Amino acid sequence: MSPHLQVYRFRLSMFLSIANRAAGVAAAAGSALGLCWINAAAKGPKSFSKVQKVTGNPLGQLLLAGWALALVYHFVAGLRHLTWDSGYRFSKKEINEDGPVAVGVTLGTTLALVTTILGVAICRSRKKAS
């Protein structure tokens, strides 16, 4: 381990940088699972129903919500990097100001996305039951 890690004070920008890398890995892994889901849909109803049992499970839904969080955060962090690469908002003060905004946008967008998907799923199951 580098001895310089003890010199620096841990900041939000450091956490967001590490989280961006972890979100990229999680988004890629979730995308692989999404491809398995599409493959199961292409194989037929029996295979697709097995996958739906996994996604209908609370643990499967938690994984899907985590995948959505990883995708949204990686997108938001990518926009921050694009802004920096364009030469804007790259001073230390602006980077520290934008960090909490990126967290808020990520959480709000993910919450809206997951709530919408769950709402549609609930409406479909009620319509199917009646």
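Colleague: Leaving aside neighbours within four places in sequence, which residues is Asn20 in contact with?

Modeller: First, the model is predicted: local features need pLDDT of at least 70, side-chain atom pairs count only at pLDDT 80 or more, and totals for chains, interfaces and linings use all residues. Residues are numbered from 1 along each chain as its sequence is written, and side-chain values use heavy atoms, with hydrogens and water left out. Contact means heavy atoms within 4.5 Å. With close sequence neighbours set aside, the contacts of Asn20 are Tyr73, His74, Ala77 and His81.

Colleague: Where is Asn20 placed?

Modeller: Helices are DSSP runs of H or I, at least four residues long, and strands are runs of E, at least two; both are numbered from the N terminus. By that numbering, Asn20 sits in helix H1.

Colleague: Is Asn20 buried or exposed?

Modeller: Buried means under 20% relative accessible area, exposed means over 50%, and partly exposed is in between, with a 1.4 Å probe and protein chains only. Asn20 has 11% relative accessibility, so this residue counts as buried.

Colleague: How many helices and strands are in the chain?

Modeller: Read along the sequence, the pattern is α-α-α-α. The count is four helices and zero strands.

Colleague: What radius of gyration does the chain have?

Modeller: This radius is taken over C-alpha atoms, and the globule rule is 2.2 Å times the number of residues to the power 0.38. The C-alpha atoms fill a box of roughly 60 × 30 × 25 Å along the principal axes. A compact globule of 130 residues would be near 14 Å, but this chain has 19 Å.

Colleague: What share of the 130 residues in the chain is buried?

Modeller: Start with the surface. The chain exposes about 9900 Å², and carbon and sulfur atoms supply 70% of that area. Accessible areas come from the Shrake-Rupley method with a 1.4 Å probe, and for residues only the protein chains shown count as cover. Of the 130 residues, the buried share is 18%.

Colleague: Which residues make up the largest nonpolar core?

Modeller: In soluble globular proteins, nonpolar side chains tend to be buried together. A nonpolar core is a set of buried Ala, Val, Leu, Ile, Met, Phe, Trp, Tyr and Cys residues joined through side-chain atoms within 4.5 Å. The largest one here has six residues: Leu16, Ala23, Ala27, Ala70, Tyr73 and Ala77.

Colleague: Which elements give two or more residues to this core?

Modeller: The core contains Ala23, Ala70 and Tyr73, among others. Ala23 touches Ala70, Tyr73 and His74, not counting residues up to four places away in sequence. The elements that give two or more core residues are H1 and helix H3 (58-85).

Colleague: Which residues form a nonpolar patch on the surface?

Modeller: Patch residues have over 30% relative accessible area and no salt bridge; like charges are joined within 9 Å, and nonpolar side chains (Val, Leu, Ile, Met, Phe, Trp, Tyr) within 5 Å. Phe15, one of the patch members, lies in helix H1 (residues 12-43). Phe15 is partly exposed, at 44% relative accessible area. Together the patch has about 750 Å² of accessible area, and its members are Val7, Tyr8, Phe10, Leu12, Met14, Phe15 and Ile18.

Colleague: How far apart are the closest N and O atoms in the salt bridge of Arg89 with Asp98?

Modeller: A salt bridge is a side-chain nitrogen of Lys or Arg within 4 Å of a carboxyl oxygen of Asp or Glu. Asp98 lies in helix H4 (residues 92-129) and is buried, at 17%. Asp98 touches Arg80 and Arg89, not counting residues up to four places away in sequence. In the bridge of Arg89 with Asp98, the closest N and O atoms are apart by 2.8 Å.

Colleague: Which residues do salt bridges that share partners join into one network?

Modeller: The structure holds four salt bridges, including Glu97 with Arg89 at 3.4 Å. Lys93 and Glu97 meet in another at 3.6 Å, N to O. Both lie in helix H4, four residues apart, about one turn of the helix. Shared partners join Arg89, Lys93, Glu94, Glu97 and Asp98.
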